[in-house]
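This briefing covers one protein model, topic by topic. Please look over the sequence and structure before reading on.

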Amino acid sequence: MATLTKKMDFGGGVTTGKRKFDLSKVLLWTMLVSFPLTLIFILLAPSDFELKYSQRIFYFHMPSNILCLLSFTIYFIGGLGYWRTRKRSWDILMITGLELGVFFALIGIVTGSIWARYAWGTFWTWDPRLTTVTIMMVVYLAGWMLRSSVEDPGRKAALTAVFGIIGFINVPLVYFSTRFFPAGLHPIVFGTNGAAVALEGFMIVTLVISIITFSQFFVYLMIQRIRLENLRDQVAGVRMALNEDEDYA
Amino acid sequence: MNLNSLLFALGQTTSTPPPPTTDQVDSGFVYVIAAFIAVWLLIAVYLFWLNRRQESLRQEVEQLRQEEAERQSTQAPAPTAPFTELDPKLEVSGTPQTPQGNLRG
Amino acid sequence: MARMAKIDRPIETGLEKQKEKSALSAYFRVAGQVFLKDIRTELRTKEIFSSMAVFSLLVVMVFVFALPGKLKEAGDVAPGLLWIAFTFAGVLGLNRSFINEKDRGSLEGLLLAPAERSAIFYGKALGNFTFIIVVELLLAPIFSMLFNFSVLRLELLPVLLLGTIGFAEIGTLFAAMAVNTRAREVLLPVLFFPIMLPVIIAASQSTAAILSNRPFDEISSALGLMFFFDLIFAVVPGMLFELVLEE
């Protein structure tokens, strides 16, 4: 595990040695193919009977929500790992999950509320699922603020880990508590399951292609975020070496 | 495929848009375009931010390396210093040290 | 305790059992001592209690002035306002509980004590629970008076207890975290409120149900949720507390 995040860096940063195989560059090329392909599929997909054209928003909305949950799970796993081992690699995994989670939650909320404007006539309703995602995002934003207000690297990692574990355990509790909250003025149009859109064959293919594209993008972002953190370590390392020189000069 | 509405959406970005017909609003096409633009904007902003942070760190590494090189060229190889035979540059470029992980007193 | 259980011992002797028992009682003794220390300090200075009481009173007064003079139904807003006042007062008290220790330098002393870190946590949490519940019990009659709407019901007591236990558990952990950050006073509410939302929702909804004499069935699931919250976060912060206090 100690070198896992080093390996996931794929030779980015300032390296003097030989260049390694760089997965992020490969992903850039594959995305060049898969992004247009996804767009074509989304445009060609049949419109939903009730939601008509607007149903296509679903193809961005759902993958980003899945990836948001995945990121927060990564953050949680990183937190557990850090708690057991105190290794920097787990810390890098935590911050990667945290930042990408907030990013994809934001995409999910923005696309969701644009769709809700069409389907429900309002940008915002307090239905349980939406409330849960929003609270989740606020929780993780708070974690991000916590991280940025600590100086010492060791303590930074420790507090991030504690907050990640508590926040992740809290998510199901938040979901259950939103049921007690009166749903407000706006009825949920599609029954209890707001996103329950009947998908037929072609739509499912489109959705799968969209999820694959988003996942490629997710892996690309993860590599870049890990690279950023490794660069930070590199700066600290060079700086330490310089200070040592000064001490012996 | 609703070509007219696609042309309408393209036209919106370049010229003053004609008022959307009820058909376009009804089908939700405008909303799809809006969501699409929003997603791209968010992605662009995040990528930009990520890249900027990486760049500034890369510059910092380069700058520190230069400082180090300058110091070594100005200083004669001092036999009194106990650690000069250990080239710190080698160690740094090979395996970046991670003081973060193990700094706990 | 977990360490003791892992020790492989083929022969059961009375001595071993006694040792285990004394380890357990030492654990509780540490927690009890931390709790008593907090109570004693508070009785001497009355710092946390007075600031919490005055602050919560001011919050209620601000509500009275900020809301329209003639409320049609005080019962609609009262439960929510009550829990807002409790939450704000709670955050204030929780903040002081660790900042005072840090500023006096007594936190280091506490950490040097040869005791399990989680015992310190449970002692602190018990102290915070006591401060908050006392303030809440004092505030409730004043709230009833100022709003001219009685919230004094015996049935509210379980809701109050379950809610306050949750406040104390999460609040103590986060206060210990926030005290070592740059923006310590500001950070605690930012961390605390979003995590506490399930409890705040459940507590204010069940308070509203009780005050409008709705049947118990309506609040049983909310009470159950609070119970689960308290149960989970009675265990987890104790396990993570060593990580928080690491130097």
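The charged end of Arg84(A) sits over the ring of Trp83(A), at 4.7 Å from the ring centre; a charge sits over a ring if NZ of Lys or CZ of Arg is within 6 Å of the ring centre and within 35 degrees of the ring normal. The model is predicted: local features need pLDDT of at least 70 and side-chain atom pairs count only at pLDDT 80 or more, while totals for chains, interfaces and linings use all residues. Residues are numbered from 1 along each chain as its sequence is written, chains are lettered from A and ligands numbered from 1 in the order in which they are written, and side-chain values use heavy atoms, with hydrogens and water left out.

**Aromatic rings and charges**

- Over all chains, the structure holds 26 aromatic pairs; rings of Phe, Tyr and Trp (its six-membered ring) pair if their centres lie within 6.5 Å, and planes under 30 degrees apart count as stacked, over 60 as edge-to-face and the rest as tilted.
- One of these pairs is edge-to-face and joins Phe103(A) to Phe104(A), with 5.2 Å from centre to centre and 70° between the planes.
- Phe103(A) and Phe104(A) are both buried, where buried means under 20% relative accessible area, exposed over 50% and partly exposed in between (1.4 Å probe, protein chains only).
- Another edge-to-face pair is that of Tyr27(C) and Phe28(C), at 6.0 Å centre to centre and with 85° between the planes.
- Within that pair, Tyr27(C) is buried, at 14% relative accessible area, whereas Phe28(C) counts as exposed, at 56%.
- A cluster linked by ring pairs takes in Phe103(A), Phe104(A), Trp144(A) and Phe218(A) together with Tyr46(B) and Trp49(B).
- Trp49(B) also has a charged neighbour: Arg53(B) lies over its face, 3.6 Å from the ring centre.

**Chain A as a whole**

- Chain A has 7 helices and 0 strands; helices (H or I, at least four residues) and strands (E, at least two) are DSSP runs, numbered from the N terminus.
- Of the 249 residues in chain A, 55% are buried.
- Contact means heavy atoms within 4.5 Å; among contacts in chain A between residues at least 6 apart in sequence, 81% join residues at least 24 apart.
- The accessible surface of chain A is about 10600 Å², and 70% of it belongs to carbon and sulfur atoms; accessible areas come from the Shrake-Rupley method with a 1.4 Å probe, and for residues only the protein chains shown count as cover.

**Two positions in chain A**

- Ser177(A) belongs to helix H6 (residues 153–177) of chain A and is buried, with a relative accessible area of 0%.
- The side chain of Ser177(A) reaches the backbone oxygen of Val174(A) at 2.8 Å.
- Leaving out residues up to four places away in sequence, Ser177(A) touches Pro198(C), Ile201(C) and Leu225(C).
- Tyr118(A) is placed in helix H4 (residues 88–119) of chain A and is buried, at 18% relative accessible area.
- Between Tyr118(A) and Gln55(A) there are 63 residues of sequence separation and 9.8 Å from C-alpha to C-alpha.

**Chain C as a whole**

- Chain C has 9 helices and 0 strands.
- Buried residues account for 47% of the 247 residues in chain C.
- Among contacts in chain C with a separation of 6 or more, 82% are between residues 24 or more positions apart.
- About 12300 Å² of chain C is accessible surface, with 68% of that belonging to carbon and sulfur atoms.

- H8(C) is mostly covered, with 21 of its 28 residues buried.
- Most residues other than glycine have a negative phi.
- Asn213(C), which follows H8(C), has a positive phi near 55°.
- Asn213(C) lies in the loop between H8 and helix H9 (217–244) of chain C and counts as exposed, at 58% relative accessibility.
- Lys46(C) also has a positive phi, near 55°.
- The loop between helix H2 (14–45) and helix H3 (47–66) of chain C holds Lys46(C), which counts as partly exposed at 47% relative accessibility.

Note on methods:
Polar contact = N/O pair within 3.5 Å; in protein donor to acceptor, adjacent residues only side chain to side chain.
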